Amino acid sequence: MLVTALLAALAYVLNTAVVFPAMAPFQHFVNVLAVYLLGPWYGMAAAFICGSLRMLSGRTIMAVTGGIVGPVLAGFLYKKTKNVCLLALGEMVGSGILGALLSYPFMVTFYGMKAGNWAQLIPFFLPSAAVGSLLGLLTILLTKKTGLIDKLKAKINA
């Protein structure tokens, strides 16, 4: 639980300190790391905590809905295949496409977004999810070469 909270805090701080207009790539970066280190449910918990903190600081509900689906899909794919590339792809598709589709009814209902095409949020979500997922994948691959991330994973799960 402590590592989940630390990863959620890391995502929040990175998304607050490094601002991209209407993007939160560091949420997806941390989601990839969280799923690799902790699994899908703790990854989703970290995304939910970070999204909730972002909502409290003025963001919309998309901060939560856009980030919680990705870790579940990524975790499922990684658990079945042990392939970190599929983990990153799962985060990208889960948050970039499914998270956008999940956010749509909330934005129409609670934020007055004009109803239109269900897929209209995907162009805003997918680039952020792609950048963050690729950063997470790159971090895992680079730290795997040194054995650092696997030592960390073993200590966390001990």
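Me: Which residues is Asn15 in contact with, leaving aside its neighbours within four places in sequence?
Reply: Ala24, Pro25, Phe26, Gln27, Cys50 and Arg54 are in contact with Asn15, once neighbours within four places in sequence are left aside. Contact here means heavy atoms within 4.5 Å.

Me: What kind of model is this, and how are residues numbered?
Reply: This is a predicted model, where local features need pLDDT of at least 70, side-chain atom pairs count only at pLDDT 80 or more, and totals for chains, interfaces and linings use all residues. Residues are numbered from 1 along each chain as its sequence is written, and side-chain values use heavy atoms, with hydrogens and water left out.

Me: Back to Asn15. Which helix is its place in?
Reply: Asn15 sits in helix 1, residues 2-17. Helices are DSSP runs of H or I, at least four residues, and they are numbered from the N terminus.

Me: Is Asn15 buried or exposed?
Reply: Asn15 is buried, because its relative accessible area is 8%. The cut-offs are under 20% for buried, over 50% for exposed and partly exposed in between, with a 1.4 Å probe and protein chains only.

Me: Does Cys50 count as buried or exposed? And what is the relative accessible area of Cys85?
Reply: Cys50 counts as buried, at 0% relative accessibility. Cys85 has 43%, so Cys85 is partly exposed.

Me: New topic, helix packing. At what angle do helix 3 and helix 4 pack?
Reply: Helix 3 (residues 40-56) packs on helix 4 at about 170°, and their axes are 8 Å apart. That makes the pair roughly antiparallel. Angles under 35 degrees count as roughly parallel, over 145 as roughly antiparallel, 65 to 115 as roughly perpendicular and the rest as oblique. The axes are lines fitted to C-alpha atoms, for helices over the stretch in contact, and angles run from 0 to 180 degrees between N-to-C directions.

Me: Which residues of helix 3 and helix 4 make the contact?
Reply: From helix 3, they include Trp41, Met44, Ala47, Phe48 and Arg54. From helix 4, Gly67, Ile68 and Pro71 are among them. The contact of helix 3 with helix 4 divides into 11 nonpolar, five polar and one charged. Ala, Val, Leu, Ile, Met, Phe, Trp, Tyr, Cys and Pro count as nonpolar, Asp, Glu, Lys and Arg as charged, and the others, Gly among them, as polar.

Me: What about Ala47, buried or exposed?
Reply: Ala47 is buried, because its relative accessibility is 0%. Leaving aside neighbours within four places in sequence, Ala47 contacts Gln27, Asn31, Gly67, Ile68 and Pro71.

Me: And helix 2 with helix 6, how far apart are their axes?
Reply: The axes of helix 2 (residues 25-38) and helix 6 (residues 122-146) are 7 Å apart, at an angle of about 40°. So helix 2 is oblique to helix 6. Their crossing is right-handed. A crossing is right-handed if the near helix is turned clockwise from the far one by less than a right angle, and left-handed if anticlockwise. The residues of this contact divide into 11 nonpolar, six polar and one charged.

Me: Helix 2 with helix 5, what is the angle there?
Reply: About 135°, with the axes 10 Å apart. That makes helix 2 oblique to helix 5. Helix 2 also passes helix 5 in a right-handed crossing. In helix 5 the contact residues are Val84, Leu87, Ala88, Glu91 and Ser95.

Me: Tell me about Ser95. Buried or exposed?
Reply: Ser95 is buried, with a relative accessible area of 0%. Not counting residues up to four places away in sequence, Ser95 touches His28, Asn31, Gly66, Phe125 and Ala129, among others.

Me: Which residue has a positive phi although it is not a glycine?
Reply: Lys82, with a phi of about 60°. Lys82 is in the loop between helix 4 (62-81) and helix 5 (84-111). Lys82 counts as exposed, because its relative accessibility is 57%.

Me: Last one. How far apart in space are Ile156 and Met1?
Reply: They are 10.0 Å apart, C-alpha to C-alpha, and 155 residues apart in sequence. Ile156 lies in helix 7, residues 148-156. Ile156 touches Val3, Leu37 and Leu38, not counting residues up to four places away in sequence.

Technical notes: Helices (H or I, at least four residues) and strands (E, at least two) are DSSP runs, numbered from the N terminus.
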